[in-house]
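Let's take a walk through this structure together. Have the sequence and the 3D view open as you read.

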Amino acid sequence: MLARDAVIGTGCAVGGVLIVHRSMQLGNVPGSYAGPGLFPTLIGIALCICGILVLAPALRQKRKGERFFSGPGERLRLVEVTGLVIFLIACAPKLGFILTSWIMMMAELCLRKNSLLRSAVAATILVAVVWGLFTKALKVPLPVGPWGW
Amino acid sequence: MMANLAAAIQLLSSPYLIFIMVITAVYGLFVGLVPGLTATMATALFVPFTFFMDPLPALAGVIVLSAMAIFAGDIPATLVRVPGTPSSSAYVEDAYQLCSRGMAVRALALCACCSATGGIIGALSLMLIAPTLAQFATRFTSFEYFWLAILGLSTTVTVSKGSTVKSCIALLLGLFFSTIGIDITLGIPRFTFGSSELLGGVNFIPAMVGLFGVSEVIRTTEESVSFTAQKLSFGFFEMLKSAWTAMKNRLGILLRSAVLGMVIGALPGAGGDIAAWISYGVGKLSSKHPEEYGKGSEEAVLTGTPANNAALGGAWIPALVFGIPGDSITAILLGILMMKGLRPGPLIFERQGDLVYAIYLVFIIANVLLIPLGYLAARSGMQMLKVPKGILMPAILLFCCVGSYAINNSLFDVGVMLVMGLLGYFFEKSDVPVAPIVLGLILGPMVERNFMMSVIKTGGSLSQFVTRPISAVLVICVACAWTIPLWSARRRRRSVAS
C-alpha cells in the first residue's frame, strides 16, 4: 500500500495548496472576511494536512512488493471501460444513441469473452430495452444521429 | 377525528385510487432499480399525469412511488453494489457483503421489512405528532442546519472502515467537488476553468453511479466471480421469517433508527439520504460490534433502511403544517397541492381533515404494500445473479451511462460518471473509502450555505454557532461522533495488547 499512499498523500497535499491558491483569488463579501473563497480555502488547508499525514508514514517505511492490478484482465478492463465510455460521449451526438451504444456493448461483450453471436444478440436486446424504457416510458431524449435514430 | 377517519376510509375505497397506487408502485420499483434514476426524478415525471387526477389519487401516487423507489434502490445496492438511489449509499457495503457471503435473501428481506417498518413508524408519527414536531423544526436556523450537516459529515468519517485520515481525504474531496460551479454568496464561478457545463456544479447522482457502479464494472473480471452460491428463489413467508430472525433481537435499534429518520426527515432540506447516514453513524457508535460495520453487518443494514423510509413521512410534517417542503419530493408535492387548490398550513387539518387522514392512511398502505411488492421486486432482482458476469457487467455499464445522462440530458454527466468511476477504482485499490465523497457532495452545499448565511447575518461573529441551545446540543453530538469511536478504538487496542 505504501506507494499508493505516497501518491495519494502527494496528490492531496499538492491539490490542497492549489485549491488554497485559487480560492484566495476569489475575493470576499465587502466588509467581511467571508466570501466565495473561504469554504474552499478551509477545504484546501484540511486536504493539505491530511495529505501530509498520509504521505509522512508512507515515506518513512520501506516499500514492499505490491501489485496494483490483480491480474491482466483487470488492467484490460480499466482501459476498455474508459475507452468505451469516452467513445460513447464522443460519438453519441454524431451517430445517435442506438448505434453508438450497440457498438459499445458489442465491443464490451466480445472483450468479456462472449462469442460473436451471443454478443450481437445480447447487445441488440440490451440497447432495445434501454432505448425503449428511457425514450418511451421515461421520455428521456436520448441523442439521435443524422438518420433520426 | 373518528369522522375524518371514516371519511378517509371511504375515499380510499375507490377502485381508481387502488389502480393508481398499484401502477405507481410498479413504476417506483422500476425507477429505484435503475442506478441513476431517483425518487425525485420519478415524482417529477409523474407530475404531468396528476393534471388529470383528483387530489387524493395524485398525492397517493407520489407517496407510493417514492416509498417504493427508496426501497428498490436497496436491491441493486445489495446484488451488484450499485445503489439505485442515494439513500441506499450509507449501507451499500454491508448489504453487498452479505450478498457476497451467500446471504442475499436475508439482506433483501431485511431491506424490505425494515423499510416498511420505518415507513409505518414515519406515517404514525405524522398522524400523532405532526404539529409538535413541525414546531420544533421551525426552531432550526442556519446555525443549527450547519451543525446538523457537520454531524452528518462527522458520522460518515468515523463510521467508514479503515483509516480515519483517508476517510477525511475522501470527504474533503467530496466537499471540494461540491464547491465547483457558481458560488452562492457572490455568484462568482469557482473552479470551472471556463467550462459552461461546470457552472451548474457536479451533480452527485452521476458521481455516485460512477463511484460505486463504474468502479465495480472495472474491478469485476470473469475470473473474480466472488458470490458464494446463492439461493435464487425463495418464498414470501421464507423472506418474512428470514427478516424476523434478524430483527427480533434488534427491535430497539429498528425503532430508534425509524424515529431518528423521521425527525431528520422533518427538518426542511435534510431528507432521507442524510437520515440514513446519521442513523448508520449513531448505530455504529452505540453498537456492541462496531468493527463489523462495513463488512456485512445485519445490524448496519437495519440502522439505515428504516431511517430513509421514515424520513419520507417526516418530510411531510413541515409540508402539511407550514407549507415548507421537507425534501425535494415534498417540494414537488406542494406544487401539486397548490395546483389542486389546496393550501397547506394549519387550516388544512380543519378544512380538509378527511383528505389529511386519507394521506396518513395512504402512507400506511404504501408501506404495507411494500412487503409483497418488495418481495416480487427482490425475487425478480435476484435473477440478476443468474446472468453471467460477462453479460451483467456490460449491462450495468450501459444502465450507468444512460442513468447518468438522464439526470440533465447531458453527456457531460456521463463524463463526470467516468471520472468518478476511475477515482473510485483507484481509491478502493488504495483502501480509501468512497462513500464519504458522495456524502461530501450532498452535504457540501448545505454546510457552505448555512455557514455563509450565519456569518453574514452576525457580521462575522462565530459565537452564535455554539451559544444557541439547539446548536450547543448539536456541537456536543459532533464532539461525541469524533471522540467515541477514537476512544473505543483505543480501548480495543489496549485490550488486544493486554
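Start where the two chains meet: B:Lys166 forms a salt bridge with A:Asp5, and their closest N and O atoms are 2.8 Å apart. A salt bridge here is a side-chain nitrogen of Lys or Arg within 4 Å of a carboxyl oxygen of Asp or Glu. Side chains of opposite charge can pair when their charged atoms come close. Between chain A and chain B the count is one salt bridge.

A word on the ground rules. This is a predicted model, in which local features need pLDDT of at least 70 and side-chain atom pairs count only at pLDDT 80 or more, while totals for chains, interfaces and linings use all residues. Residues are numbered from 1 along each chain as its sequence is written, chains are lettered from A and ligands numbered from 1 in the order in which they are written, and side-chain values use heavy atoms, with hydrogens and water left out.

Now look at the whole meeting place of the chains. Chain A gives 63 residues to the contact and chain B gives 67, where contact means heavy atoms within 4.5 Å. Together the chains bury about 5,500 Å², with 81% of it on carbon and sulfur atoms; buried area is the accessible area (1.4 Å probe) that two parts lose on being put together, summed over both. On the side of chain A, the residues that lose the most area to chain B are A:Phe39, A:Arg112 and A:Leu138, together 13% of what that side buries.

Over all chains, the structure holds 13 salt bridges. One of them joins the side chains of A:Glu80 and A:Arg77 (2.9 Å, N to O). Both residues lie in helix 3 of chain A, three residues apart, about one turn of the helix. Helices are DSSP runs (H or I, at least four residues), numbered from the N terminus.

Finally, turn to chain B. Helix 10 (residues 204-219) and helix 18 (residues 389-408) of chain B pack at an angle of about 170 degrees, their axes 10 Å apart. Axes are lines fitted to C-alpha atoms, for helices over the stretch in contact, and angles run from 0 to 180 degrees between N-to-C directions. Helix 10 and helix 18 of chain B are therefore roughly antiparallel to each other, a label for angles over 145 degrees.

Note on methods:
Helices (H or I, at least four residues) and strands (E, at least two) are DSSP runs, numbered from the N terminus. Angles under 35 degrees count as roughly parallel, over 145 as roughly antiparallel, 65 to 115 as roughly perpendicular and the rest as oblique.
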